[in-house]
Amino acid sequence: MKKLSILFLSIFTIVSCSKKNSIEFEMDKAADDTKVEVVISEPGQAEPTVITSGKIKEGKVVLENSFTEIEQAFLRIDDEMETTIYFIGEPGEIKIVVDPKDSEKYKIGGTTSNDKIQAFIDELAPYQEKVGNFLNENGAVLMQLSSATDEESQAQFKALQDEYQKLNEKMTEISDKFEAANKDNALGVIMFGRHLADPDKTIEEVQKEFDQFPEAVKNSKIGKETQKRINEVLERENVQKKIAVGSKIPNFKAKTPEGKEVTLYEYLDGKKVVLIDVWASWCGPCRQENPNVVQTFKEFNKQGFDIIGYSLDKTEQPWLDAIQKDNLTWTQVSNLQFWNDPIVADYGIEGIPASFLVDGNGIIIAKDLRGPQLAEGVKKALKL
């Protein structure tokens, strides 16, 4: 009996030691030496981080699995389609298999989280297909009916909208069920991330719901990344409140092309109405809007309208060339720091052109006026 126990123990030890952390990928139709990479997207980084890579041989490649806890990952295949496959990075033997009959379909599994994700995908897939078919069949009709005013068309439009809404509600129901079933692990947090884009929830409500996750889950890598995203939204909203119409705009400091340091409130001193125009030489929409800004400046400058241009350029010469080419004759400043310029965070700028119409005291009158709206806004501010 003792010998038998030792035998079973030896077998168990051999099996346990042979079990490795790996990511196995199969794609029958892939050419030999096709490169495959596992990447993750780190918060705050523009480019994804490559974790491991390898080359396909005879339709298969086994990659090193260095994941120590659950996180979102992607398998990137260097084929003609530049295929990218989503999966969960975690310890264990992960397996990803592309359907030999349809290269756009694949299965993930081998570990607990990937098995769960695949089950979720399988349950969701029929409704995603129905939504796709619905839009293919009714998309053009919906566009036409949306502008119709007769009762029959409006009734038809509502019926189609209701049908589409029901399909979306079913997918939301499946997602909610998956999230609820995984409240005690990081998969629940991954699914919870969709609420950050929910227009029906305030960020404070999202934070309150996130606080209900167990501490261990909130302190996981996924949990910390989610909290960071929530904090970023909270910070953006706080900035937007500070730069709302009627608020006093934050000061800034930057240099002219001649190297003279200018602060906003020094520039505003004695002025009536000023446009703070945030732009860059590399920004196509900014350059397209510049002729309109020039025309508005010429039209209202003598009545008390001024502009200060603030560039997000990163090198000096393109900035100087654009100033001259676009005939921007008003004061121009820049720190040549690209998106790292302090004004981006202080003014909550997420894209350019961005503009702020202020009075001489720095009180915001209007924001992001373009085209004819700019002249109308300036005229109104000057009470002309």
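Two strands pair if DSSP finds at least two bridges between them. Strands here are DSSP runs of E with at least two residues, helices are runs of H or I with at least four residues, and both are numbered from the N terminus. The views below come from a predicted model, where local features need pLDDT of at least 70, side-chain atom pairs count only at pLDDT 80 or more, and totals for chains, interfaces and linings use all residues. Residues are numbered from 1 along each chain as its sequence is written, and side-chain values use heavy atoms, with hydrogens and water left out.

**View A. Strand β11 and its two partners.** Here's β11, residues 273-279, joined by 7 bridges to the parallel strand β12, residues 305-311. Look for Val-278, which sits opposite Tyr-310 of β12. Strand β14 (residues 354-359) runs antiparallel to β11, with 6 bridges between them; there, Val-274 has Val-358 as its bridge partner.

**View B. Both faces of β11 under cover.**

**View C. Helices α5 and α7 crossing.** The axes of α5 (residues 203-210) and α7 (residues 221-242) come within 10 Å and cross at roughly 160°. That makes the pair roughly antiparallel, a label for angles over 145 degrees. Where they meet, α5 brings residues including Ile-203, Val-206 and Phe-210, while α7 brings others, among them Ile-230, Val-233 and Leu-234.

**View D. Ser-22 in strand β1.** Ser-22 belongs to β1, residues 22-26, and is buried at a relative accessible area of 12%. Setting aside neighbours within four places in sequence, Ser-22 is in contact (heavy atoms within 4.5 Å) with Val-62, Leu-63, Asn-65, Gly-92, Glu-93 and Ile-94. Trp-279 lies 257 residues away in sequence and 48 Å away in space, C-alpha to C-alpha.

View E. In β2 (residues 35-40), 5 of the 6 residues are buried, so the strand is largely enclosed by the rest of the structure. β2 pairs antiparallel with β3 (residues 49-55) over 6 bridges, and Val-38 has Thr-52 as its bridge partner there. Another 4 bridges link β2 to the antiparallel β5, residues 71-77, where Val-39 is partnered by Phe-74.

How values were computed. Axes fitted to C-alpha atoms, helices over the stretch in contact; angles between N-to-C directions. Parallel < 35°, antiparallel > 145°, perpendicular 65-115°, else oblique. Buried < 20%, exposed > 50% of the residue type's maximum accessible area, 1.4 Å probe, protein only.
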